[in-house]
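Dear colleague,

I am handing over a structure that you have not worked with before, and my notes on what was found in it follow directly below. Please read them with the structure open beside you.

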Amino acid sequence: MNANLNLLIGLAMGLNLLALGTSRLPALIRAMSAQGVILGVIPVLLGHDLDWRVALIALATLAGKGVVIPSLLRRAMRTAQIDRELDPLIGFVPSLLLGAGGAIAALALVPLLPLLPEHANTLLVPGALATVLTGFILLIGRTKAISQVCGYLILENGIYLFGLLLIKAMPLLVEAGVLLDLTVGVFIIGIIVDRIQRAFDSLDTRKLTALRE
Amino acid sequence: MIPLAHQLLRLACWVLLAPLLPGIINQVKARVAGRRGPPVLQLYYDLARLWRKGVVVSTLASPAFVILPAVAWVSLLGAALLVPLGPAGAALSFHGDVLLMLYLLALGRFCTAWAAMETGSAFEGMGVVREVSYAVLSEAAIVAAVLALCVQTGSVSMVTMLAPTAGAGVVLLGTGLFIVLLAENCRVPFDDPTTHLELTMIHEVMVLDHSGPPLAVILHGASMKLLLFSLLLTQAIVPLAQHGPIAATGLLAGGVLAVTLAVGIVESLLARFAYRRVPLLLTTAFLLCLFALLVAWKGGAS
Amino acid sequence: MKSLLLVIVPLLAAALAAAWPSNRSRPLLLPATGLIHTFLCAWLFFCPPPVTPGAWLAFDPLARAVLPAVSLLFLVCAWYGVSYLKIRSERSNRIFIMALLAVLGLLSAGHQSRHLGLLWIFTEAVTLAAVPLLHFNGTPRAFEATWKYLLVGGTGIALSLLGSLCLGYASLHGGGEGDLTFVALMSQGAGLSRPWVLIAWVLLLVGYGTKMGLTPMHTWKPEAYGEAAGIVGAILAGGVTSVAFTAILRIRSVVGAAGEGAIADHTLLVIGLFSMLVAALFLLGTRDFKRMLAYSSVEHMGILTLGAALGPAGVAASLFHVWSNSLTKGALFLSAGNIRRAAGSASMDEVRGMNILTPRSAALFVTGLFAVTACPPFGPFFSELKILRASLEAGHMAATAMFLTCLLLAFFGLTRVVFGIVDGRPANHAKATGKRFVESAGVILPPLVLLGLSLWLGLFQPALLHDVWAAAAAQLYPSP
Amino acid sequence: MTGPLLVLAVLLFGTAVVVGQHWPRPWLVLTLAACLASIGAALSVFAAAVGWEWKSHILLGGESLHLRLDGVSALFMVLAAVVGGAGAVYSCEYWSDRHYPESAPRGRSWWSALVLSMVLVLIVSNGLHFLMAWEAFAICGYFLITLENQKPAVRSAGWLYLASSHAGTVCLFGFFTLLAVKTGTWDLGPLREHASLSPLFWLALAGFGMKAGIFPLHIWLPSAHANAPSHVSAILSAVAIKMGVYGIVRFSGWLPMPASAGWVVIGLGATSALLGVAFTLAQNDFKRLLAYCSVENIGIILVGLGAALLARSHGDAPWGRLALAGALLHVWNHGAFKALLFFGAGSVLHATGTREMSRLGGLWRTMPWTAGLFALGSVAVTGLPPLNGFVSEWILYLGLFDAVTDKQAAAWAALPVIILLAMSGALALVAFTKAGSMIFLGAARTKPAAQAHECGLWMRAPMLLLASLCIVLGLAPIFVWPAISRAADAWSLTWAGQTAPAPLLTLGWVHLGLAALIIAAAALLWKKARSRPIRRAPTWDCGYAAPTAKMQYSSGSFANLATAWFFWILRPSRTWRRPHGSFPAEALLLDRVPETVLEQAVLPLAARIMQVSSAVRRLQHGRLSAYILYVVAGLAGLAVLVLLESAS
């Protein structure tokens with residue numbers, strides 16, 4: 001059981017590296033949505049009888065992270081007619097290295113944390129950490145609004161991954177996490193990115209520095 | 001009745017004897033230079049003549065120009081009356097009278113300075129500046145001397161302060177006070193009363209525009225100031241208290257005479273200093289008095 | 001039940017606003033809702049309902065100690081909003097009013113929620129509900145501000161969620177069975193897993209600190225406050241930050257129960273002083289009087305945090321400061337809004353002589369300045385003095401010295417800017433725009449009332465309020 | 001009796017604040033009545049055996065009202081009321097609605113508010129209320145200084161005042177809060193027995209010293225006094241800075257003192273006196289000159305206080321009482337003659353529109369009253385007999401001399417201080433000879449000076465009042481002695497019941513006699529001179545044919561000799577344009593005397609801080625990714641902090 005779980009989480013971590021490495025926005029979005037799908041599947045695998053709440057969470061995640069938001073992103077990308085992240089603040093190779101280093105560090109550090117026996121030998125926590133880190137790298141290192149949004153969503157995937165530790169005990173928090181995705185996702189992408197696109201007719205956030213000291 | 005008579009006598013002796021000193025000095029200078037010189041009573045004649053003359057006042061000056069010399073004279077007289085005359089004591093003596101005396105002298109200076117500035121003449125401005133500025137240093141020296149005496153005697157009233165000698169530091173104190181005397185009365189080497197070059201004068205240039213009675217008052221005041229300082233000096237260094245009244249009076253008169261002679265001799269031997277060296281000399285005076293003070297402190301402590 | 005009304009009424013009003021046809025009469029919903037809300041609040045304040053320990057949402061002492069201030073502030077701002085929206089009648093105010101009312105409802109919920117997850121949900125909801133308020137002006141600058149607000153704030157939200165999860169895991173690891181109400185967590189006390197609690201504390205402090213605007217997470221504040229309308233600034237600075245602050249207080253109490261209070265207090269002390277220092281340095285140099293207000297707000301958040309680090313007395317003082325600060329700041333934001341509108345700019349390079357163009361607003365602004373820089377007899381003076389006293393009683397001499405120094409530097413900065421724009425002779429073009437702005441009662445009285453309230457807080461020091469604050473502090477520091 | 005009078009005074013002041021906005025005359029009446037009421041209250045305290053105290057249960061700011069008026073505060077209250085009233089009258093003409101329609105109403109209200117707040121500072125006896133009154137007083141002062149807030153110079157001067165005053169207030173925040181923490185109550189009163197409180201005195205000294213303008217802390221004083229309207233400068237210099245002195249006196253009386261307090265205070269005093277007068281000397285703007293002279297006088301007062309503190313640490317030696325009495329009397333005297341001088345300066349400014357002494361001259365012709373009164377003020381401020389300035393300095397000197405003759409450790413402080421005081425007195429003489437002669441004597445240097453006009457009755461009356469005060473205090477010091485000694489006893493109860501020093505009576509008689517003699521001699525000489533027609537002739541110019549007014553000694557050249565000794569601190573900057581060529585064009589020589597402490601110490605520090613600030617502000621550069629990086633950095637920083645904490 002844990003084997004499949006770890007396999008999936010490993011896959012998600014691989015997708016992190018892909019997201020860090022690619023310069024093409026479609027690939028980035030695809031990586032993110034794939035990660036969403038994986039995260040949607042994981043709860044089902046968490047090895048306990050499937051009650052309706054878990055199913056709901058799984059479904060919502062699948063729909064939200066896997067389908068809705070990526071499609072929104074693609075639309076925004078089309079309207080902005082960009083599909084490449086040119087000269088990022090943190091280059092692709094450095095960010096790859098950072099991400100990989102982060103993943104290794106996470107794997108190395110997690111044994112220091114006290115974990116319940118059933119989580120002790122899963123990749124949940126290191127995976128979560130690595131994904132959160134990936135999200136931050138993208139947020140900090142990319143200049144296109146869309147890549148930053150992807151970064152943000154990946155960051156949340158990480159948190160969601162961590163939340164799975166608690167899905168049995170306190171599902172509400174996890175549900176809340178999903179909620180966060182949908183609302184923020186829709187907000188940022190659906191409205192603001194679109195407005196920015198119209199106001200600045202570009203999604204290059206380097207243009208957004210009118211407000212400063 | 002008697003005290004009143006005393007006071008009147010004291011007043012008279014200040015007013016009448018004061019003009020003698022400049023005469024003596026001039027006499028000494030003349031003798032040293034091998035001339036016969038003006039009579040000793042010359043200043044009396046001058047004063048009398050001036051008192052009879054009319055007044056010429058600068059077009060710029062205000063009525064104060066005439067009045068201020070009187071104020072200055074009164075303040076000098078007041079200061080004088082506070083100074084004890086050996087055994088005769090002072091007209092008025094109380095705790096802290098020495099300070100009043102110092103500040104009365106300052107008042108006199110203030111009045112002459114304002115009167116001089118009335119005329120708006122650059123020469124007199126120069127003189128005023130020198131007078132009031134050098135006064136800062138001589139003030140410090142005098143106060144140091146006063147402190148020395150008051151440490152010595154443990155009193156702040158001149159009668160008791162000046163009765164005994166200034167103790168071990170007497171030489172220092174004497175020299176310091178003598179230099180101050182020269183400075184305060186604008187004698188050589190600080191100022192040359194006989195010069196006729198306005199640029200080099202202090203006191204003389206301040207009174208350049210005065211004439212008639214006011215000038216007389218000023219000259220008389222100056223002579224009283226000279227007498228005052230020589231009395232102070234004498235009593236500070238000569239222990240009069242140890243002698244009987246007659247002897248003391250004699251000593252006092254002799255002391256004053258000696259001081260005047262010394263002034264005269266200095267005047268005839270030295271030339272006027274360059275102004276930039278004046279502060280140096282005054283600082284020396286100050287330091288001498290300061291050392292006298294320290295000596296007195298040590299002496300008092302032991 | 002009434003406590004639920006506090007949440008429901010505004011949300012219903014928001015829905016109503018959505019449906020309301022007329023753009024002209026819609027603003028009246030604001031004061032109406034505000035009145036009802038304040039009335040309910042007052043009712044609950046004077047006869048507080050019994051709180052069932054396990055309740056997820058209740059008007060508990062902490063809510064009682066803060067929510068009325070928010071409600072008052074909103075009421076006055078709503079009153080101001082009517083005349084403000086009358087000036088801005090050119091654009092539709094539907095979304096604006098909806099958002100405003102929603103913010104009120106969610107704030108009430110956030111202040112009352114006694115459940116880790118719930119608290120987080122409402123804080124997040126408030127953050128998102130405030131977004132439309134920020135880009136009401138619809139200028140590119142407004143969108144830029146919104147974008148930064150959303151992403152920085154979003155990161156904060158995410159981190160606080162992660163923190164909540166960690167805290168949850170701490171309780172789970174300690175054998176808790178998934179009850180995340182603060183009461184339960186505190187009762188679990190030392191049973192919580194220490195490392196996880198600490199991790200959670202750091203994450204939550206950063207997360208909610210981002211909402212509060214503590215340095216170095218404050219970066220969204222100047223942008224957002226600088227571009228938003230005065231009324232929005234007032235509500236963000238007075239209301240939204242306070243909910244984050246109470247969240248931190250509640251979490252601090254859990255950490256304290258877990259036996260890590262000392263560490264928590266130390267972190268609070270450090271980040272509070274750091275915020276004050278950085279804010280003061282910004283204030284010394286900034287040339288835009290609305291951004292200046294933002295930095296001053298950062299500084300006051302630092303003061304609150306400092307107070308929170310000083311034990312029950314400090315917490316009570318901080319709650320006092322929440323009141324005095326939100327009321328005074330409200331007055332400043334509203335009068336600054338007037339001046340901004342009359343001068344047509346917010347930079348002290350262009351704005352001068354406002355005491356000639358808008359004498360009343362300028363007078364209010366200056367009074368507010370003195371009030372907010374802790375000049376007696378206004379509220380902040382007394383609250384900051386209480387915090388000062390608490391920190392001296394706790395024996396933090398160096399911290400106190402630092403605190404006072406920062407206050408002084410902030411004073412320099414604030415007076416420099418404020419008198420720079422108030423005194424002097426107005427530029428000619430400014431005269432023209434100034435003419436167009438009328439200082440009607442609708443835009444002058446609300447800030448005046450807020451200042452009056454601040455003055456009342458200071459001079460009369462209602463004993464009841466002090467008891468309430470003490471009670472709230474007692475709730476956070478249960479005596480063993 | 002005291003209570004009702006105080007209530008009346010406060011109410012009258014309060015109404016005056018409101019009335020002042022619209023009705024000048026009623027305002028004047030109310031303010032004067034209020035001043036009289038407060039004087040009455042103070043006098044009733046002097047008359048009574050013990051100070052007046054009133055505790056109530058009225059809560060203000062959470063603290064119950066506690067008022068107290070004892071010898072010390074009554075002394076300062078008299079000063080505040082007298083100058084407050086005089087200035088009110090003066091402002092009716094000087095800052096009239098006709099000349100300043102925009103700022104005059106404000107000015108009236110702020111004026112009453114200022115005096116009111118100072119009265120409150122003097123009577124409240126609770127730390128919290130003291131801070132409230134104190135801050136109100138500071139802010140009123142600010143708004144009075146910046147009445148002409150259209151002028152940049154006025155604005156910056158006002159801001160400097162506000163900033164430094166707030167710096168002082170912040171120290172007081174610390175002081176009073178620490179006091180409250182250590183004693184457990186905000187209530188104030190004698191606390192000599194709490195030995196642990198003694199270090200607090202340093203905070204108080206810093207806080208109040210900032211307001212009093214002790215030498216290194218005086219930076220705000222010159223520009224504020226120079227740029228404020230003259231009646232405001234008068235009350236600032238005569239009363240406001242005395243509030244700082246009040247604070248120091250009050251709390252040095254109530255708190256236990258650290259052992260070194262006396263030495264430090266007397267040292268600060270001597271420094272302020274000497275350097276203050278050095279700066280006085282170098283000024284060319286006569287209001288700045290007067291301002292620096294206030295620094296000197298504050299120094300003199302502090303010397304007295306410091307001597308008293310030393311005496312206290314030497315077993316309450318009686319000479320301490322003398323020194324303190326001298327200091328307290330000097331508070332009054334300086335109030336009287338400095339207000340008089342600033343009023344005089346005001347009417348010169350009013351008549352000529354310039355503060356530059358080298359643009360004036362010969363004003364005695366057009367404004368004889370002002371000239372005479374200014375001269376009288378100069379005599380008083382220089383501390384010359386027979387006016388009041390000498391009396392207080394004399395008592396102070398007596399205290400110091402007795403300290404010397406005591407031959408205790410304190411003598412080592414007294415000896416140098418006496419010499420320094422004497423020198424600063426002589427320097428003051430230089431400064432005021434210069435000021436008086438440059439402004440009023442000689443020939444007018446410029447057109448406006450030639451066309452000056454005498455000030456009206458409204459401005460003259462308060463000057464006459466103050467001048468007569470200077471004379472009365474000088475000729476009959478014995479009459480004010482009871483008040484002074486009451487204040488001194490309130491400061492240190494161990495001295496209670498000692499009588500006036502006999503010499504004071506003698507001095508009074510001497511002064512009377514001196515005055516009589518002066519008048520007599522002056523009259524005599526005047527008559528003698530007039531007995532023949534006085535001939536008018538041009539000033540002796542050494543035969544030079546075409547003298548011009550510009551050839552008179554200028555204020556720069558006048559001070560040149562004495563200021564040369566203080567170049568190390570004055571640091572004057574000089575701009576030359578020497579004349580050259582056979583037909584030289586116009587030459588130029590500008591002397592500028594900077595406010596050294598401000599420009600050499602404070603501004604560089606401020607610049608350093610501003611550098612830091614702008615470096616920090618560069619972090620807010622608008623790039624979102626960096627902002628998120630900051631969040632991560634914050635996270636990391638806190639994590640490290642927590643790790644360190646939990647490790648230790």
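In this predicted model, helices α7 and α9 of chain C are roughly antiparallel to each other, because the angle between their axes falls over 145 degrees, the cut-off for that description. The helices in question are α7 (residues 140-173) and α9 (residues 194-212) of chain C, whose axes come within 7 Å and cross at roughly 155°. The crossing of α7(C) and α9(C) is left-handed, and the residues of this contact divide into 16 nonpolar, nine polar and one charged.

As for chain C as a whole, it has 20 helices and zero strands, and its C-alpha trace spans about 70 × 55 × 40 Å along the principal axes. A compact globule of 480 residues would have a radius of gyration near 23 Å, and chain C, with 21 Å, agrees with that.

Turning to chains D and B, 58 residues of chain D are in contact with 63 residues of chain B. On the side of chain D that touches chain B, the elements that give two or more residues are α15 (388-406), α16 (411-440), α20 (502-530), β3 (535-537) and α21 (555-563) of chain D. By class, that side of chain D has 41 nonpolar, 11 polar and six charged residues.

Strands also pair between these two chains: β1 (residues 56-58) of chain B is joined to β3(D) by three bridges, and the two strands run parallel. Within this pairing, B:V56 stands opposite D:R535 in β3(D).

Key: Residues are numbered from 1 along each chain as its sequence is written. Chains are lettered from A and ligands numbered from 1 in the order in which they are written. This is a predicted model: local features need pLDDT of at least 70, side-chain atom pairs count only at pLDDT 80 or more; totals for chains, interfaces and linings use all residues. Axes are lines fitted to C-alpha atoms, for helices over the stretch in contact, and angles run from 0 to 180 degrees between N-to-C directions. Helices (H or I, at least four residues) and strands (E, at least two) are DSSP runs, numbered from the N terminus. Angles under 35 degrees count as roughly parallel, over 145 as roughly antiparallel, 65 to 115 as roughly perpendicular and the rest as oblique. A crossing is left-handed if the near helix is turned anticlockwise from the far one by less than a right angle, and right-handed if clockwise. Ala, Val, Leu, Ile, Met, Phe, Trp, Tyr, Cys and Pro count as nonpolar, Asp, Glu, Lys and Arg as charged, and the others, Gly among them, as polar. Two residues are in contact if their C-beta atoms, placed from the backbone, lie within 7 Å. Two strands pair if DSSP finds at least two bridges between them. The radius of gyration is taken over C-alpha atoms; the globule rule is 2.2 Å times the number of residues to the power 0.38.
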